[in-house]
Amino acid sequence: MPAPLSQHPCFSAGAAGRIGRLHLAVAPDCNIQCNYCNRRYSCVNESRPGVTAEILKPAAVHSHICDHLHREPRIGIVGIAGPGDPLATPAMTLGVLRQVKKDFPQLALCLSTNGLTLVEHLDELAALGLEYLTITVNAVDPGIGRFIYSRVYADGSILKGREAAEYLLQRQLMALEQLQQLRITVKINTVVIPGINHHHVSAIARKMSDYRVAVMNCLPMIPVADTPFAAYQEISTPRLRETRLSAQVWLPQISHCRRCRADAAGLLTGNCSPKAIPA
Ligand code: SF4
Ligand code: SF4
């Protein structure tokens, strides 16, 4: 059986005050460019683009986890969510996850990715015991995705425009297809950008419901300086509610996500996360 939603604070609101999570900010690089992301900030996939205090060295991971468990014994999940895409540096990410599972078998593993190279690593992720996975899917129509992604790296070349969005979506769907055979609990994150994809979120949810996706998290984009979307407004709370309701027809929604930093630690209900999103 896949790991239960009730044992991950982000996948289930009921677990948020009970189980803590620790993000290991070991992954600085990315293999795509989202128009809301500035590399000086942490990844919007998971998703408050606050600066991570530092990139954690893999060699420091063990003592980092020990320190945090000492401070907050309720931490039950260890994840990698940035500040870039963890699978842009797969050897490092898989090595860290493997080591964490070996040293801390009582902790569940979690990973967040844009999904570009996920399909290449799924067997290994399943074999090392990954329990929870988040894929950020911002469009299931390349005609919309082309406004969100300015570049996608593919086998040594750089794709742009519709071709980039098409390639990313194709790779995400391949991974989702393969995930149906694996015992990994899957969440979809969608960064909601007014005027770009907010009207498309229910179509994303509908498409994702064809796969074994447990839950969806619609995150308002936070406009970040020096990005193409810097001047866009964050979606209003009533509009976000409507968006979530339209998606809920197809997939269960969560509304307690706190758009955490890539180095967040502790309970979601604690002070470790900078800004909660109104439900
Ligand atoms: Fe930034 Fe994450 Fe998008 Fe990469 S996937 S460009 S790190 S928001
Ligand atoms: Fe959980 Fe924070 Fe990630 Fe949201 S950003 S899914 S609350 S760890």
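pLDDT is the predictor's confidence in each residue, on a scale from 0 to 100, and a contact means heavy atoms within 4.5 Å. Both terms are needed for the first two points.

1. Overall confidence. This is a predicted model. The protein chain has an average pLDDT of 89, and 91% of the residues score at least 70. Among the elements of the chain, helix α6 (residues 201-208) has the highest mean pLDDT, 98, while the lowest, 82, belongs to strand β11 (residues 265-266).

2. Over residues 271-279 the pLDDT stays under 50. For this segment the model has 30 contacts beyond four places in sequence.

3. Eight strands form an open sheet with mixed pairing, in the order β10-β9-β8-β5-β4-β3-β1-β11. The edge positions are taken by β10 (253-254) and β11; each has a single partner strand, so one side of each is left without a neighbour in the sheet.

4. Strands β5 and β8 with helix α5. β5 pairs with strand β8 (residues 185-192) over five bridges, in the parallel sense. The bridge partner of leucine 133 is valine 186 in β8. Helix α5 packs on the sheet and touches both β5 and β8; the direction of α5 makes about 155 degrees with that of β5.

5. Salt bridges. The count comes to five salt bridges, and three are described here. Lysine 101 pairs with glutamate 131, with the closest N and O atoms 2.7 Å apart. This pair links distant parts of the chain, 30 residues apart: glutamate 131 lies in the loop between α3 (118-128) and β5 (132-136), and lysine 101 in helix α2 (residues 90-103). Lysine 101 counts as buried because its relative accessible area, 19%, falls under the 20% limit. In the pair of arginine 74 and glutamate 72, the closest N and O atoms are 3.0 Å apart. Here glutamate 72 is buried at 16% relative accessible area, whereas arginine 74 is partly exposed at 45%.

6. A salt bridge within one helix. Glutamate 166 and arginine 162 form a salt bridge, the closest N and O atoms being 3.2 Å apart. Both residues lie in helix α5 (residues 161-179), four residues apart, about one turn of the helix. Each is partly exposed: glutamate 166 has a relative accessibility of 38%, and arginine 162 one of 42%.

7. Cysteines. How many disulfides does the structure hold? The number is zero. Cysteine 66 is partly exposed, with a relative accessible area of 32%, whereas cysteine 257 is buried, at 9%.

Technical notes. Residues numbered from 1 in each chain as written. Chains lettered and ligands numbered in written order. Predicted model: local features only at pLDDT ≥ 70, side-chain atom pairs only at ≥ 80, totals over all residues. Heavy atoms only, no water. Disulfide = S-S within 2.5 Å. Buried < 20%, exposed > 50% of the residue type's maximum accessible area, 1.4 Å probe, protein only. Helix = DSSP H or I, 4+ residues; strand = E, 2+ residues; numbered from the N terminus. Salt bridge = Lys/Arg side-chain N within 4 Å of Asp/Glu carboxyl O. Pairing = 2+ DSSP bridges. Axes fitted to C-alpha atoms, helices over the stretch in contact; angles between N-to-C directions.
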